[in-house]
Structures are given as C-alpha cells and as structure tokens.
Amino acid sequence: MRIAVAGGGPAGLYFAALAMQLNPAHEITVWERNSADDTFGFGVVFSDETLGGIEHADPVIYAAMQREFARWDDIDVHYRGRVITSGGHGFAALSRKRLLGILRQRCADLGVTMQFGTEAPDPKRLSADYDLVVAADGVNSAIRTAFADSFCPDLETRQCKYIWLSTDLVFDAFKFYIVPTPYGVMQVHGYPYDATASTFILEMHDRVWAKAGFGDACTDQIAELLAGLLDHHSLFSNNSRWISFGTLRCASWSQENVVLLGDAAHTAHFSIGSGTKLAMEDALALAACLHEQPGLDQALAAYEAERKPVVASTQRAAQSSLEWFENLGQYTGQEPEQFAFNIITRSRRVTYDNLRLRDPEFTAATDEWFAADCLARGFGNGEVVPPMFAPFRLRDLELKNRVVVSAMDMYSASEGTPGEFHLVHLGGKALGGAGLVMTEMVCVSPEGRITPGCAGLYAAAHEEAWRRITDFVHRESTAKVGLQLGHSGRKGSTKLMWEGMDEPLDAGNWPVCGPSPIPYLAGVSQVPHELTEAELAGIKAEFARAAGAALRAGFDLIELHCAHGYLLSSFISPLTNRRTDHYGGSQEARFRYPLEVFSAMRAAWPASRPMTVRISATDWTPGGLDGAGAILLAKAFALAGADAIDVSTGQVTPEETPAFGRSYQTPFADAIRNQTGLATIAVGMISSYDDMNSIIAAGRADLVALGRAHLYDPNWTLHAAAAQGYAGAGAAWPDQWRAGSRPPQTGRTQGPRPRLELIREPVLGRTRHARWRPASHQEGM
C-alpha cells in the first residue's frame, strides 16, 4: 500500500517502522511540520508491561531504548514534611528527544520516507492519493478537524493548569510533592529521564493558578516559589506554557481510508503516564491489524475494536486521577499514611491487594496506621485487620465491620406486611457476616408505596412482622439492622419490577403526588398531584409515626430515603420541584421540606441511635442537582443531626446520562466526607473486597454498601474474610457454619496465562510476525 503518515511523533514513527517491517513492499511517507531536531516536552514514561509489548514487536527499537532508560520502582510522596515510599511499581523513562531519534533512525534503516519541516498535504488530497492516511498529528490534528463530521470529536477541558518543565535535579524515584503555598496547594509530578535531568510538572487548580498570577514566562517565579524543593537546582523550559488539560474522545477513529492514532484520537491525563504509551500501543495494534486482516476496511474495524475498549478503560482511570488532583485540597487534612495510600490508589488501577503484592511493607504500615486511628477515634481495640473488618461507631451503635447490605426493594410484601421471604432474605444476609443489614425502602403509607408489593410501616401488623425479623437478626447474628423509610411520590402506583419497571398498574392505581405536577415518564406515568402545605404536614407526621414504630420494631438505625426521584428527592431537585412557595425555588427552599421531615423523625427517634440519609448526589442531567449542591445538602442534614450520608446518584429523571463504571458513585461520597467531615456510605458498582479495602483505607468513605454482590452471594462478607485469611470478630462465622469457614478444595486448573505472549509460527521456513495484545488494565502511577 501507499501509506501517508501525518505527524512524526512517537505514534507516527513507530507505526511506520512496524508497518514497513511487516511488509517491506509498502511505500510509507511521514510528514512532520517541525524540523528533525525540534522536540517539545522532556521525558516520556513506560510501564514494564508496555515495554514488554515493544520488546516483542521490535527488539531493535527496544534495545536502543533500553540503553537509555532511567528506571525506578519507588514512588515517593512528599507531604507535611514526611516522605512515604511505595515500591514495586516498575517504570522506565527516557528523553523524548532521544526516543524520537531512535524511531527516526529505525525508520530510515527500513526505508521509510520522512519529510521534516514540512506540513502534510491537504487531508482530502492525501485521502485521494494514498491507500491509507494515518493521522498521528496530535491533539490539534488537522486531519481530524477536516473530517470532524465523521470522527465526532469531543474535548472536555478541566479545572487545573499545568506546565511541563525540566530540572537538573535528578530524582531517584517518581516524586509527588504536595506543596502548600500562600495561594493554595500545588503539586509537582517529577521523574528522572536520564543521568542528568528529570521531568518536572507543576499542576494546580485554576483558582490557585489565578491567585499566584503566573504567566507563561514564569520559570524564575516557579523556581523561587519552590526553592526549598529544588535545593539550588535549575528549572528549564522548552516551549513550555500553562495548559488546561483536555480529555479528547472521538466517536469514530476511522473514516474511509483515514485513521486516527494516538493523541489525534484520544488523550488521557498525564498523571498516569499514559500519553506516549497509548500512542505506541495504537501504532502496534494498527500495524498488526493491517497485516492480519484481508482488507483495509476489516483492518480499520479490527483496530478500533481492539483499541477502543483499552483506551476507554485507561481514560476512566486517568479521569479518576485527574479529578483527584483537581480536588487535592479536600485531602490535605488527611494524615500522611492515609494520604500516601490515597494518592497511590487514586486511579483505581492500583488497589489495596495490588499494593500488598507490590509492597507488603507499605500496605502493612497503612493497616497499622488505620487500626491506631480507629482506636484513637473510640472504636476497636487497635487490632490490625484488613480495613473492611475494622469496627465503626455511629453514636452508641458499634458496627463490627464496614460492610453494609444495601437497601434493595424486593417487592414481596402483602399489603405492606413483610413475610417469610423478608425473614430469610434479611436474616440470611445478617448471618452472612455484614456489619449492617438495611431493609428495602419501607413506605410510610399505602399511597407512599412504589408497587403493591412494597413493604410498609404504617400498621400494627407491620410492626409485629418487622419485630420478628429484627429479633432473629439480633438473636442469631452479630449484625445490626437498619430501616430505610421513604415515600414513592410521583414514582408510585407502578408494576412490580419484573413485570414492567416504572410502568403504571393495569388496574387498581392509586393517586400519586409530588412537589409539582410533573410526571416521571411523560405520556406514560400519572401526573402527580401537587401537594398542599396541609398535605405536606400530614406526610411529615407519617414519617414521624413510622420512626416511633421503628423503635418498637427493634431497629438499630433509621435511614431517610431522599434519593432516586422519590418524594423527598423530588423536592431537592430543581428538575422536579417547580414550586413558587417557600418549598421551591432556591436551593435552600428546595431542601426545606426534606429537612423538616428529617427533624420530625429525629425528634421521635432516641438520641443514642443514629440516623442516616440516602441522597442522589447528582441528577446526571444539565440543570439538575450536582456535586456542589450535594455538599451543601449533606451539610444541611448534618446540622439537622444526620450521622452519615448514604451517597447514591441519579434516577431522578429518565433523561439522565450517568457515567456508569466501577465505583462510579464513590467520588461523590469521597467529596462529601472530606469536605464536610461527615461520615459517608459509598454505594454503586462495588463488588470486590479489594475495592472495599481500598475505599476505606483511602478515606473515601467510612462504610461500603453492596447490593447485587449480596444477592449473588449472601455470605459475601464471610467469604471475603476467608479469602483474606481473616478470622476475627469482624467476620465471625455462626457456630452452625463454622465447619465451612475455609474455602473447599477444588480440582486442578491450568496455570495463569502470561500477561504478555508472543506466538511465532513457522511459515514456509520463516518466522511469521506475531503480535502483542496489551491487557485491558494497564499499570498507572
């Protein structure tokens, strides 16, 4: 093929070298607007995993890179006058200029035509004149812009400024410096890239940058501000300027015979060391797909199918890291041990278990600190245990561990009365080891039910039935049991979930109500009746009566349901509350009625027993409640006497576009906890004990609620303890089950596949080129 490559950076050059090796009959031309000696930036970073792919794909390039590497295993966190080190991370770096030199030389040796100091021809002309056009021309790609209607790029600009510099201070590890300044907290990301210099990236929130008054010609100003860190060493600029990072995503990476590569297709925040790594992995995959597939269309489709999921996963990790640094100020109250664990696990790629493998001493020190911190806060006996098995106290209620069985509607009550199913469901979860078992949303009136199968607490028979369940939990387990109280509002009078979620009943509907006459599903749901003040007072009294009934029924904790678009949630969100009285309009007014309900319940509930509130921390819809509003809501409930916030999101409006993903709601719990000091419960797509330990140890939440994981395995907590070799009070097996407290033996299984595998098959007496497929979960700094 005749192949045109726009861009002579690592992506374009590496692709050209690999493609030419796979088929020397190709005619490949690379255009680069800058001269061969120009380069911007300083060092580039690779994980050991990525280097394995480069080594297998082109040993010549790898050998040349290897001779230049600065390698390290340690990450040093400089914070509050201490240095905490985590080892076992396995990274290498080299000068970007040297990397480009290696790639240029390899291309020249293979016969690739390179034109430096020359703009690539018009994109449409290239497309017409060449069989394949590879756009490796960076984040400001002219080719992507020319075909924007096909690629559909989206650039999300974030809230931090950073500048890329170099220093002659040669670091001995990857460095995070957390620097308090008169303008606010700043952070330095630093790493060595050769024997004489290190990359030095200074980053800070936009607010801090504005206060500091930095301009682009600011190297001397930065050196003066960070003189103590630099220790008389110098800073160097190379076309360096302040940048607001933008995350680029493209709906499509190919258009006819034009394909995007590297930063032209996607970007991921530099804090996980991913830019050059992703670009070179793209190049490798594209070259291999062209070689393997029978035609260009199939090759480009295979390239996208292979790389898009990997890049999306990396971007999610990078986004978590980026947002962590945007919110760095909320963590500066953490103690050094917790802060170090938090910063290293911020992307969720590196986790508690992963760190225990990389650096057992670091994780052990974190566990020891966590146990001592719990003791200092008045719960536990100082025993060093996995964080999820540390006890926790809310008022006079001590939980044996941090595991919560999340409230899950079962739709199996009869006229509001819980039955045998609820006894087995909740009793079984309590026996399964969780510290706190929550009921489903229990409704305060018949009209407040979501479906005819919803449980209630508005009749004497309900109290008696619930008392049977709480007595069983307290008698047969060491778990505590909590009651979630709520009112369906405009989402009531619907079918059982498995018969048609959110669909109105075919017959027997009851009227629904809300703050405003806005149906949940336009044209499908009932239009809710707008509640009068007298009706609001009546519903508030129902909540208070239910709180008194909860005490008689034997519950240890009450949670008020103010999430997911039910009645109280509908008052909070501006999307569903259009009232013009003192319960609508401003944020303070929209919060008023839920707070009044909470206060009425608090007055009916003993002061020694805790109350929590479940909220939707964002509506996932423009114009709705957002994270900043959730912080204010949490503060308001704290002032009213809430002991913890159970942080969920969404389900307020069907127009929502949630950012689903692993632990996707945890950042909201994290922000509330670390900005308000209020205890939080994290919930949402958390299913592994590794993630739970990571969340708790990092201080992102105090408790973790799991729903579906407990449906899959009612003994989830006990099994998590057994898997971690823990057999203490935080996960005591019932006497009747103790014989099964160790995992049973299993049959023999094959050993694990290697993370990197190169298959070379003889073809007509020669070695056929094989490929490296990068794992979907890359390492991150």
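Hi everyone. Let me begin with a term: a residue counts as exposed when its relative accessible area is over 50%, and as buried when it is under 20%. Trp-498 has 54% relative accessibility, so it counts as exposed. Keep in mind as we go that this is a predicted model.

Where does Trp-498 sit? You'll find Trp-498 in helix α18, residues 497–500. Together with Met-497 and Met-501, Trp-498 makes a nonpolar surface patch of about 370 Å².

Next, please look at helix α21, which runs over residues 587–604. The helix has 18 residues and reaches 27 Å from its first C-alpha to its last, close to the 26 Å expected. Where does α21 bend? The bend is at Tyr-593, by about 35°, and a proline, Pro-594, follows within four residues.

Side chains of opposite charge can pair when their charged atoms come close. How many salt bridges does the structure hold? It holds 35, and I'll show you a few.

Lys-540 and Glu-596 meet in a salt bridge, at 3.7 Å from N to O. Lys-540 lies in α19 and Glu-596 in α21, so this pair ties together parts that are 56 residues apart in sequence. Lys-540 is partly exposed, at 25%, and Glu-596 is partly exposed too, at 24%.

Arg-307 forms a salt bridge with Asp-282, and their closest N and O atoms are 2.7 Å apart. Because Arg-307 lies in helix α12 and Asp-282 in helix α11, the pair ties together parts 25 residues apart in sequence. Arg-307 has a relative accessible area of 0%, so it is buried. Asp-282 counts as buried as well, at 0%.

Arg-673 and Asp-702 form another salt bridge, with closest N and O atoms 3.0 Å apart, and both residues are buried. Salt bridges can also link up: Glu-156, Arg-158, Arg-249, Glu-323 and Glu-326 form a network.

Last stop, Thr-417, in the loop between β20 and α16. Leaving aside residues up to four places away in sequence, Thr-417 touches Ala-461, His-462 and Ala-465.

Methods. Residues numbered from 1 in each chain as written. Predicted model: local features only at pLDDT ≥ 70, side-chain atom pairs only at ≥ 80, totals over all residues. Heavy atoms only, no water. Helix = DSSP H or I, 4+ residues; strand = E, 2+ residues; numbered from the N terminus. Expected span 1.5 Å × (residues − 1). Bend = angle between axes of the 7 residues up to and from the residue. Patch = residues over 30% accessible without salt bridge, like charges linked within 9 Å, V, L, I, M, F, W, Y side chains within 5 Å. Areas by Shrake-Rupley, 256 points an atom, 1.4 Å probe, with all protein chains shown as cover. Salt bridge = Lys/Arg side-chain N within 4 Å of Asp/Glu carboxyl O. Buried < 20%, exposed > 50% of the residue type's maximum accessible area, 1.4 Å probe, protein only. Contact = heavy atoms within 4.5 Å.
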